[in-house]
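Subject: Structure handover

Hello,

Here is the structure you are taking over. My notes on it follow below.

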Amino acid sequence: MTDLSHDPDFFALLTGSYARRLGESLVPAGADAAWLYAAAPFAVLAHDGGADPRFVYGNRAAQACFGYAWDELIGLPSRLSAEAPERAARQSLLDAVTRDGFSRGYRGLRIAKDGRRFWIDQAVVWQLDRDGMNVGQAATFSAWRDA
């Protein structure tokens, strides 16, 4: 799988889709792919558009939150970020994002690699689109706490 951590085209996909969907910028002026990956004070995750979506991106803040290194996170089915009882609510969110293009204010229970459960709060989830085609979804959040 291609390493998208510092990829300027993937950065443009993330930030461009966010701006088109939400009408505001994901990152401060002058920020680039390296800043989003290594220095952003908020988590960003993205998965592909497959039937069982797999993570294709997770910045350092997301890796710290979920307890996975890059090479462990990338390719992991994104459904595994939630425990089985929480997956129906997560799927409902993803279906709404597919229908509406984005969702703001999401709160959900997630699970880290070590089994630690935590809440994400005020998440934004948006559809990733390239040339009018949906290619996946992404999420960002800056607030999380242990459950």
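Nineteen residues line the largest pocket, and His 47, Gly 50, Pro 53, Thr 98 and Gln 137 lie nearest its centre. A pocket here is an open set of points on a 1 Å grid over the protein atoms alone, where a 1.4 Å probe fits, with protein on both sides within 12 Å along at least five of seven lines; lining residues have an atom within 4 Å of a point. Its volume is about 250 Å³, taken as the space filled by probe spheres set on the points. The lining divides into 4 nonpolar, 10 polar and 5 charged residues, with Gly counted as polar and Pro as nonpolar. Helix H5 (87-100) gives the most, 5 residues.

This is a predicted model: local features need pLDDT of at least 70, side-chain atom pairs count only at pLDDT 80 or more, and totals for chains, interfaces and linings use all residues. Residues are numbered from 1 along each chain, and side-chain values use heavy atoms, without hydrogens and water.

The largest nonpolar core has 25 residues, and Leu 36 and Trp 126 are among those that touch the most other members. Such a core is a set of buried (under 20% relative accessible area, 1.4 Å probe, protein chains only) Ala, Val, Leu, Ile, Met, Phe, Trp, Tyr and Cys residues joined through side-chain atoms within 4.5 Å. Helix H1 (8-22) supplies at least two residues of this core; its share, 6 residues, is the largest. Helices are DSSP runs (H or I) of at least four residues.

Regards

Terms used. Buried means under 20% relative accessible area, exposed over 50%, partly exposed in between (1.4 Å probe, protein chains only).
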